Amino acid sequence: MPRHKKKGHQKGHRRDNRVQHFETIVKENEKFLSYYKTLKLVTDDEVSDFLATLREPLPATFRITGTRNHAKELLKCVRTHYFDKMEGIVIEDKIIPPAQPIRCKEYLNDNSIITSVGDIMDCLNSRYPDELAWQINLTKSAIKTSKEMMKLKKLLIDETALGNFSRQEAVSMIPPLLLDVQPYHYVLDMCAAPGSKTAQLIEFLHQDSNKIIPDGLIIANDADNKRCYMLVHQSKRLNSPCFMITNYDASMMPNIYISKAGISKNVPIKYDRILCDVPCSGDGTMRKNIMLWKRWHQNNALGLHCLQLRILIRGVELLARDGILVYSTCSFNPIENEAIIAALIKKAGGSVRLLDVSDKLPSLKRRSGMNTWKVLSKQGNWYDKFSDVPVNDSAMIKPSMFPPSESEANEMHLDRCLRILPQDQNTGGFFVAVLQKVDELKWLSKQKSDDVAVQISNVGGKTEKATNDNITGKSLTEEAKNIPNDEVPEPPSKKAKTNYKDAFKEDPYIFISENDPVWPDTRDFYKMENSFPVELVFTRTKTGKKRTLYLASSAIKNILENNGNLRVINTGVKIFSRSESQHVNCSFRINQEGIEYIHPYVQHRKISLTKEDVIVLLTENNPLDVRFSPRTHGQLLKTSQGCCLFTYSNQDESSDATETSGFTICGWKGKFSVRPLIPKSDHTHYLLLCGKEGLENKLDNNDISESTTEDTAINSSPSEAVQESDD
């Protein structure tokens, strides 16, 4: 073979040298240790435990999506078919005990391999009750040595893809929980990608199971277009019609306008809750990002400080009065943490205050925020105050990086910030501050916020124009004339130009009405109830045949209709797709993605299944009608060809009514046979809910890939492809 060509690897035998590469990395960094010892992040007695924990792999954590109606049933199945079967397994010379929900101090028991997350989750039980959050205290390499653990790993991957599990580090769950999101809140996630915290927010918005579509909304934003699509993949698992993804620099987040009854002019949204999880140096993630041991440098924090401050300032501008904003990083560095909070509170002049959340996290082992710290220059010189910084270092070191005076620090209550260190609870490092806006911001008090904020109309294909004094740094500079040099707030750096030239062009969001040509046949075929909100259904097809119909909440519709140039990456839930057949009187079939929003309104074409019927449907390839129970067979004979809904409930099979659960599967009724219209991974999931784990081999041997043929074969227009890029 020619030398300039690399020899390929046989299928199934791909070589992966990444593990070997990471194993060669020495988990030592003298600059890192010296830096945080000088800042007194840990005491001399704690240094060894601090480093030892950082060198250990991070435990894997996951939670079961509590908003799903079968969450408890799924947990029961997982414990029965996976956790209980691990008894007696030996991994790394340790016998795995039966999986038990170990809490509080027992959490750190050395014999515990799989536990419900203890101290951390104890304080979050109001959001994750009934043992819905779990942790696996095994390394990835150890998991691969056990067949039973590999089965659990496969389950985690499959259920995460379906949105039933969410894999997320325990401390990363804390910021969204402290926001206390309610179903009626308007929520903004400023730096949302990759989306694990955003998924939590969506769960909380849908916590009221009695309301199909909540009144609130979540706008998830990220500056990186590619990361936005990662966010699409993460969030679409939860299928919320109250969710929208935008693509803006968070420090220049534009006002989004909505119409309100009784007001002739559109008004900008003021958010009830804002999550500000800013880009950071990430040295709190060393347990999973091993390369940070080699790459850590004090300049990483210095370079991000200005951006972090700009984002936080813009966040409080968009926050409603009495609203709550949570600022968080996965960094140990006070320059990215307390310094940012202190600079904002000082600039706000009493309009923003730090909240004490110790009562909400009584079991959490945490450290208080720092009141004093030093700043280390690129050349390795320590400075206590800005007036000591020479001219040659002033380009990178800013006044806002230094701590406030002792009296100011006490008045700001920086001790109310939360610092989470790895050795305290076997987690990663994290910083959280909960802020409340108690009054109008002083730099906006003399102007209307919609005149000050970045206007969306200035964005259409051009660089955003900032008129905010706080974004340009103008007001900060003027304030500096009247205060000492060592207390001058740091003027944020100029915003880099954003290139929208190569961005895709968005087709409009076209909402249909009761009289739209596609609706009467669809409504009549499924006998949709009159209460179905057809006015919330939209399409992305401007001309020609409508291929897909989406559902959005009334709040999302309000935004789409009043912000023509808003840069929306994704919104809405797919509920109908075109699927034409000469034997069917309806051109649209129901999508599994939107089944929970369609099912309550469908009065026709519902087929009730027994547990045995579900197994036949999901394990056999296009089973004939006669393969089902007599009751189900009778229903099928009365149902014409086309899309139908297969429903299962264990109410009749369960002696305990409190354990009642069920599910609905979108399928297709042919002339003599039926088939489910769901992905293969969904087959395993629903079989597990029926208590039939272990049918993977049978599923693999059957050709069930046809079940998703119609999902993938439907042609899409260019605008549809953008909307569906994550499917």
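## Buried, exposed and in between

Let's start with a term: a residue is buried under 20% relative accessible area, exposed over 50%, and partly exposed in between, using a 1.4 Å probe and protein chains only. By that rule Lys 545 is partly exposed, with a relative accessible area of 46%. This is a predicted model, so local features need pLDDT of at least 70 and side-chain atom pairs count only at pLDDT 80 or more, while totals for chains, interfaces and linings use all residues. Residues are numbered from 1 along each chain as its sequence is written, and side-chain values use heavy atoms, with hydrogens and water left out.

## Salt bridges across the chain

A salt bridge here is a side-chain nitrogen of Lys or Arg within 4 Å of a carboxyl oxygen of Asp or Glu. By this rule the count comes to 21 salt bridges. Take Arg 367 and Glu 46, whose closest N and O atoms are 2.8 Å apart. That pair links distant parts of the chain, 321 residues apart: Arg 367 is in strand E15, and Glu 46 is in the loop between helix H2 (30–38) and helix H3 (47–55). Those labels come from DSSP runs numbered from the N terminus, with helices (H or I) of at least four residues and strands (E) of at least two. Arg 367 counts as partly exposed, at 21% relative accessibility.

Next come Glu 169 and Lys 288, a salt bridge with its closest N and O atoms 3.7 Å apart. Glu 169 sits in the loop between strand E6 (165–167) and helix H8 (174–179), and Lys 288 in the loop between strand E12 (271–277) and helix H11 (292–295), so the pair ties together parts that are 119 residues apart in sequence. Are these two partners buried or exposed? Glu 169 counts as buried at 15% relative accessibility, whereas Lys 288 counts as partly exposed at 48%.

Lys 545, from the opening, has a partner too: its side chain meets that of Glu 580 in a salt bridge (3.2 Å, N to O). Glu 580 is in the loop between strand E24 (573–578) and strand E25 (588–590), and Lys 545 is in the loop between strand E21 (537–539) and strand E22 (548–551), 35 residues apart. Glu 580 counts as partly exposed, at 46% relative accessibility. Salt bridges can also share partners, and in this way Glu 46, Arg 367 and Asp 424 are joined into one network.

## Tucked away

Why is helix H22 described as largely enclosed by the rest of the structure? Because 7 of its 9 residues are buried. Among the buried residues of H22 are Asp 613, Val 614 and Ile 615.

Leu 355 is another one to find, in the loop between strand E14 (352–354) and strand E15 (367–368). Leu 355 counts as buried, at 14% relative accessibility. From Leu 355 to Ala 433 is 78 residues in sequence and 7.9 Å in space, C-alpha to C-alpha.

## Out on the surface

Now look at Val 626, in the loop between helix H22 (611–619) and helix H23 (630–637). Val 626 is exposed, with a relative accessible area of 59%. Together with Leu 624 and Phe 672, Val 626 makes a nonpolar surface patch of about 330 Å². Patches are made of residues with over 30% relative accessible area and no salt bridge, with like charges joined within 9 Å and nonpolar side chains (Val, Leu, Ile, Met, Phe, Trp, Tyr) within 5 Å. The areas come from the Shrake-Rupley method with a 1.4 Å probe, and for residues only the protein chains shown count as cover.
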